[in-house]
Amino acid sequence: MTQTTIAGRPVEVDAEGFLTDPQAWDRDIAAEIARENGIPELTDRHWQVIDFMRERYLQDGAAPSIRTLGKASGVPVKELYELFPKGPAKLAAKIGGIPKPRGCI
Amino acid sequence: MPSRIVILGGGTGGTLAANRLHRELGEAVEITVVDQDDRHIYQPGLLFVPFGLADPDHIVRSRRAQLADGVRFVLADVERVDLEEREVELRDAAALPYDVLIVATGARLQPEETEGMLGPGWNERVFTFYDLQGARALRDALARFDGGRLVVNLVDMPVKCPVAPLEFCFLADWFLTERGVRERTELTFATPLDAAFTKPVASKALAGLLDEKGIALETEFATGRVDGAGGVLASWDERELPFDLLVTIPAHGGAAYVERSPGLGDELGFVPCDPHTLQAAAASDVFVLGDAANVPTSKAGSVSHFEGETIVENVRRLLAGEELQPTFDGHANCFIETGFGKALLIDFNYEQEPLAGRFPEPHVGPLPLLRESRMNHWAKLMFEWAYWHVLLPGRDLPGISDQLQTAGRHAPED
């Protein structure tokens, strides 16, 4: 755990830069994490995914997988990779201020 | 009037639950097990078929024959579950009203979810060993294989037996060595996970074994499409793995009727439930057992076995109007074949990841955890007998408790 400042707010992050407390998150923090990870601006489509992820996480205690995102977020997998290059589930979780999705087990 | 218990699925979980309930609740209940076929496959045996180590005909028995006398078996497809009417609608058979429903229909392979997987080359150079037909076809292909690029690929989690893809790699290394073609083979394991396995300590041990055996590990590989004709496996982020032979573990979902039953399942067709009581989130008179559940533990026969007592006791309590007991702890226990007559054993639950130690008796064993040994391999082979004669009849394995024993467990020394 490391204490850091994102968008002017003191927050705690893990070794990979994921917020440890989802409640410490806000939309400015999201925008700054996005910029640091190569997404200059968050569009409505980005937000659709991020909001879906947060909602699911706060409801189930687990971040949805890429397959669940593709089926239920309203954004198909191909587009997810365009919006969040490399690893959409991981990057959207990071921007959304929730823990890294585990492959479960 | 006896309470009507309907169990959907006559696999590991459904069978052991039916037999336990019948024994413990006797005349007070009327138990019906529904399945779409009468072929109970010993699924751990599928791993051995491609290497000629198990005869495909010997790992299949009648489902009906595994059920105690007095348990009714209905051969039918499930159309849907009506949670409000408390009724299971069947295709071409009379609907089954229930007082308690147990969902134990496992997981289903969905190769159609990956672009191109069922296209040219399917069962010719693209195989899965997760069903009998595929395992058999792969056995013939491996017998002919004389070197080249062999890629083993896990499409997405969750899958049944998440260690099986690794076991396949280890056994392929052994098999090809014995056949004298290992040196001409490039063996790669491609996984969507960021490590060899889901849990850190075991991942490290398993990655060490992959490395020792010269098996390349391609992590965070999210499978996008399969080109069977061209021999290319591509990820969503445009990485390409060429192959001569692809052994894939397709995406999994729950049984198809779950999607047709409003409110019962999630997007993937798995059924949300309380991870400790196994009561379904959708309705208090529904329980979920085994691979069908979306609980955060392995989809494995051992899990169904360890869930058995919790399910049976909670069905009894529900019928008696008592509070449910939250006794299931996510306990899973898996042998991992590592080739050349050895195996690892891992034992874990929701809270504790697989660690080193001894099993089943702390400090004594005889089986070492998270370490290769011949004894683990023999135990894995002997387990098949216990499966048919102890697990399915719904009996306890002597000396092995349903809950994880944590005494003497520790991270392995390097």
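User: Which residues does Ile102(B) touch, leaving out those up to four places away in sequence?
Analyst: This is a predicted model, and contact here means C-beta atoms within 7 Å. On one part of the chain, Ile102(B) meets Gly14(B) and Ala17(B). Further along the sequence, the partners include Phe287(B), Leu289(B) and Ile311(B).

User: Which residues have the most contacts inside the largest nonpolar core?
Analyst: In soluble globular proteins, nonpolar side chains tend to be buried together. The largest nonpolar core here has 141 residues. Those with the most contacts inside it are Ile102(B), Val103(B) and Leu289(B).

User: Which helix gives this core its largest share?
Analyst: The largest share is nine residues. They come from residues 164-178 of chain B, which is helix H3.

User: In what order do the strands of the five-stranded open sheet of chain B run?
Analyst: Strands of a sheet pair through backbone hydrogen bonds, either parallel or antiparallel. In this open sheet of chain B the pairing is parallel. The order is E5-E2-E1-E9-E20.

User: Why do E5 and E20 of chain B each have one side without a neighbour in the sheet?
Analyst: Strand E5 covers 72-75 and strand E20 covers 286-288 of chain B. Both stand at the edges of the sheet, so one side of each is left without a neighbour there. The reason is that each has a single partner strand.

User: By what angle are neighbouring strands of this sheet turned against each other on average?
Analyst: Direction is ignored for this angle. The average is 20°.

User: What is the bridge partner of Val103(B) in E20(B)?
Analyst: Strand E9 of chain B spans residues 100-103. Three bridges join E9 to E20(B), and the two run parallel. In E20(B), Val103(B) is paired with Val288(B).

User: What angle does helix H6 of chain B make with E9(B)?
Analyst: Helix H6 (residues 301-320) of chain B packs on the sheet. It touches E1, E9 and E20 of chain B. Its direction and that of E9(B) make an angle of about 160°.

User: And helix H1 of chain B: at what angle does it run to E2(B)?
Analyst: Helix H1 takes in residues 12-25 of chain B. It lies across strand E1 (3-8), strand E2 (29-35) and E9 of chain B. Relative to E2(B), helix H1 of chain B runs at about 170°.

User: Why does the radius of gyration of chain B agree with a compact globule?
Analyst: Chain B spans about 70 × 50 × 40 Å along the principal axes of its C-alpha trace. With 414 residues, a compact globule would have a radius of gyration near 22 Å. Chain B agrees because its own value is 21 Å.

User: How far apart are the C-alpha centres of domain 1 and domain 2 of chain B?
Analyst: Domain 1 of chain B is made of 3-109 + 253-320, and domain 2 is 111-251. Their contact takes 16 residues from domain 1 and 23 residues from domain 2 of chain B. The C-alpha centres of the two domains are separated by 30 Å.

User: Which residue in the turn between E7(B) and E8(B) has a positive phi?
Analyst: Strand E7 (residues 87-90) and strand E8 (residues 93-97) of chain B run antiparallel, joined by three bridges. They form a hairpin with two residues between them. The residue in the turn with a positive phi, about 60°, is Asp92(B).

User: Is His363(B) buried or exposed?
Analyst: His363(B) lies in the loop between strand E23 (357-361) and strand E24 (365-369) of chain B. It touches Arg358(B) and Gly408(B), leaving out residues up to four places away in sequence. His363(B) has 8, so it is exposed.

User: Which helix gives the largest share of the side of chain A that touches chain B?
Analyst: The contact takes 15 residues from chain A and 17 residues from chain B. On the side of chain A, helix H3 (66-72) and helix H4 (77-83) are the elements that give two or more residues. The largest share, five residues, comes from H3(A).

How values were computed. Residues numbered from 1 in each chain as written. Chains lettered and ligands numbered in written order. Predicted model: local features only at pLDDT ≥ 70, side-chain atom pairs only at ≥ 80, totals over all residues. Core = buried A, V, L, I, M, F, W, Y, C linked by C-beta atoms within 7 Å. Buried ≥ 20, exposed ≤ 12 C-beta atoms within 10 Å, placed from the backbone. Helix = DSSP H or I, 4+ residues; strand = E, 2+ residues; numbered from the N terminus. Contact = placed C-beta atoms within 7 Å. Rg over C-alpha atoms; globule rule 2.2 N^0.38 Å. Pairing = 2+ DSSP bridges. Axes fitted to C-alpha atoms, helices over the stretch in contact; angles between N-to-C directions. Domains from an automatic or database assignment.
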